[in-house]
Every structure is written in C-alpha cells, then in structure tokens.
Amino acid sequence: MAMLLVPGFMLDADLWRDVVPGLAEYGPATYADLSQDSSIASMARRALSEAPPEFVLVGFSMGGYVAREIVRQAGGRVTALVLIATSARGDSNVELQRKAAIAGRAGGAVSRGLSRAAVASSLHPANAERADIIARILAAGQRLDGDVFRRQSLIDRRDERDDLKTIRCPSLVIAGEVDRLRSRTEALELHQGIIGSSFEIIENTGHMVPMEAPQRLGTVMREWLDLLRDG
C-alpha cells in the first residue's frame with residue numbers, strides 16, 4: 001500500500017510532517033506539488049505523473065478538490081480516499097470578487113502567503129496562540145512565492161456536489177470541530193454525497209487539522225484503513 005498526500009492552499013509537504021509517522025505501515029508516502037500549475041485539472045495530472053501505480057489518496061482543503069479530480073482522471077488507481085477540512089462547493093460571490101481584485105493587481109502587489117492574523121483565525125480558538133503552528137504555516141508561504149499565491153488564489157473551483165455520487169472508492173470525510181473556513185455543513189455535504197462514505201470529526205481543531213491534531217488524525221485514518229484492510 002502507498003499514499004499520495006495533497007496539501008492545501010499555500011502549503012507543502014510539511015503539512016503532513018507529524019501525521020505520516022503514524023501511518024508508516026501504509027507508506028511509502030508521495031507528496032503532491034501544487035505550486036506549479038494554475039488549474040485543479042493540471043495539478044491532478046502532475047500529481048498522478050509522480051504517484052505510484054495504486055495509492056490511498058488524502059486531500060486537505062484545496063487539496064480535496066485536487067484529490068477528487070485525481071479520482072475522475074484515474075479512479076482505478078485510487079484504493080481509498082480521505083478528504084480533510086474541504087468542500088465540494090464552487091466559488092461564492094465573495095470569493096469571485098476577491099479573485100477579481102487579485103487578478104487586477106500588478107504581480108509585485110500580490111502577497112506572499114497569508115497574514116499572521118489570517119493564519120490564527122484558521123485555528124481552533126484554543127490553538128490561536130500556538131506560535132509553533134503559526135510559524136510553520138507562515139514558513140510554507142515564504143517557501144512558496146508570490147507567483148504561487150497568485151496562481152492558487154485564481155484557481156477556479158466549480159460546484160461538484162452533483163458529481164459526488166460518481167466517487168465509488170471507499171471514502172472517509174474528516175472535519176475539524178471548529179473550522180471557520182469550511183463549515184460542518186460542507187463536510188456533511190461531502191459525506192452525504194459520496195455513497196457509503198464514513199465521517200469523523202476531530203475534536204479541538206479548527207481548519208488546520210493535520211497540524212493541530214496530527215496524532216489524532218493519524219489514529220482516525222489508521223483505524224479506518226485497518227477496517228478496510230480487514231474487511
């Protein structure tokens with residue numbers, strides 16, 4: 001068994017640093033690189049070109065959109081799907097307006113990553129002062145550059161809710177307990193739309209589940225994968 005791990009917006013392989021050790025028996029792990037492409041489809045193609053023949057697919061946040069596109073492009077290679085803190089909804093009017101504003105800026109005016117305040121607001125209230133987590137997220141933004149921020153900010157996210165029924169592989173949907181970026185309703189839409197999927201909530205987490213509760217996340221994934229393997 002192998003795993004393909006897909007990060008979220010302005011994040012890289014470091015997102016999974018504390019999760020992967022608890023999943024070693026399901027390795028080796030391959031990390032998708034979302035920094036080079038300007039569409040969900042092209043991100044999925046690049047990830048597939050670097051992935052093993054078959055794999056457990058794990059997508060976080062924006063990576064959930066990429067993960068579902070990977071299933072559409074090469075479903076026969078995906079043995080199981082785990083979606084974490086993500087959604088199947090398309091861009092809202094507010095998000096479309098934000099994209100239009102970013103598109104209208106000169107390249108030099110585009111930020112490199114998220115602000116400290118934005119990062120803190122993505123965490124569970126109990127973790128909002130976790131300097132270690134905030135520093136890791138900000139560092140990922142520094143490793144990636146303004147061009148990546150612009151490309152990822154402008155990516156089109158279409159509404160996929162009606163397409164979820166086409167996902168046939170075993171699937172697990174995971175939500176953060178207090179996720180202010182992706183609501184519980186959005187997570188339940190995924191769970192209810194993907195036939196036969198399982199659903200878990202990771203307590204004491206906001207949006208950044210793999211950093212806020214890596215051991216608990218790893219345990220939930222491991223227990224679910226064990227059920228699949230033993231079933």
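For sorting residues by type here, Ala, Val, Leu, Ile, Met, Phe, Trp, Tyr, Cys and Pro count as nonpolar, Asp, Glu, Lys and Arg as charged, and the others, Gly among them, as polar. This is a predicted model, where local features need pLDDT of at least 70 and side-chain atom pairs count only at pLDDT 80 or more, while totals for chains, interfaces and linings use all residues. Residues are numbered from 1 along each chain as its sequence is written, and side-chain values use heavy atoms, with hydrogens and water left out.

**The cavity**

- Searching the whole structure turns up 1 cavity of 30 Å³ or more (on a 1 Å grid over the protein atoms alone, a set of points where a 1.4 Å probe fits but cannot get out; lining residues have an atom within 4 Å of a point).
- The largest cavity holds about 40 Å³ of space, with volume taken as the space filled by probe spheres set on the points, which are joined across faces, edges and corners.
- Its lining is made up of Arg-68, Arg-72, Glu-160, Asp-163, Leu-164, Thr-166 and Ile-167.
- By type, that lining splits into 4 charged, 2 nonpolar and 1 polar.

**Nonpolar cores**

- A nonpolar core is a set of buried Ala, Val, Leu, Ile, Met, Phe, Trp, Tyr and Cys residues joined through side-chain atoms within 4.5 Å; buried means under 20% relative accessible area, exposed over 50%, and partly exposed in between (1.4 Å probe, protein chains only).
- The largest core has 34 residues, and Val-58, Ile-84 and Ile-174 touch the most other members.
- Elements that each supply at least two residues of this core include strands E1 (3-6), E3 (55-60), E4 (78-84) and E5 (171-176), plus helices H4 (116-121), H5 (131-143), H8 (209-212) and H9 (214-230). Helices (H or I, at least four residues) and strands (E, at least two) are DSSP runs, numbered from the N terminus.
- H9 is the top contributor to this core, with 5 residues.
- Setting aside residues up to four places away in sequence, Val-58 touches Met-3, Leu-4, Leu-5, Val-6, Trp-16, Val-82, Ile-84 and Met-221 (contact means heavy atoms within 4.5 Å).
- There's also a second, separate core of 32 residues, with Val-6, Val-71, Val-78 and Ala-88 among them.

**Helix H7**

- H7 spans residues 184-193, and Glu-186, Ala-187, Glu-189, Leu-190 and Gly-193 are buried in it.
- Looking down the axis of H7, the buried residues fall within an arc of 155 degrees, so they line one face of the helix (the arc is that of the directions from the helix axis to the C-beta atoms).
- Those buried residues pack against helix H2 (62-74), E4, E5 and strand E6 (198-202).

- Ala-85 isn't a glycine, yet has a positive phi of about 50 degrees. Ala-85 sits in the loop between E4 and helix H3 (93-103) and is buried at 3% relative accessibility.
- Asn-204, also not a glycine, has a positive phi of about 60 degrees. Asn-204 is in the loop between E6 and H8 and is partly exposed, at 49% relative accessible area.

- Val-20, in the loop between E1 and strand E2 (29-31), is partly exposed at 21% relative accessibility.
- Val-20 and Pro-210 are 190 residues apart along the chain, with their C-alpha atoms separated by 9.8 Å.
- Ignoring neighbours within four places in sequence, Val-20 is in contact with Leu-5, Ala-29 and Tyr-31.
- Arg-216, in helix H9, is partly exposed at 41% relative accessible area; Arg-216 and Gly-22 are 194 residues apart in sequence and 9.6 Å apart in space, C-alpha to C-alpha.

Conventions:
1 Å grid on protein atoms, 1.4 Å probe; cavity = no way out; pocket = protein on both sides within 12 Å on 5 of 7 lines; lining within 4 Å.
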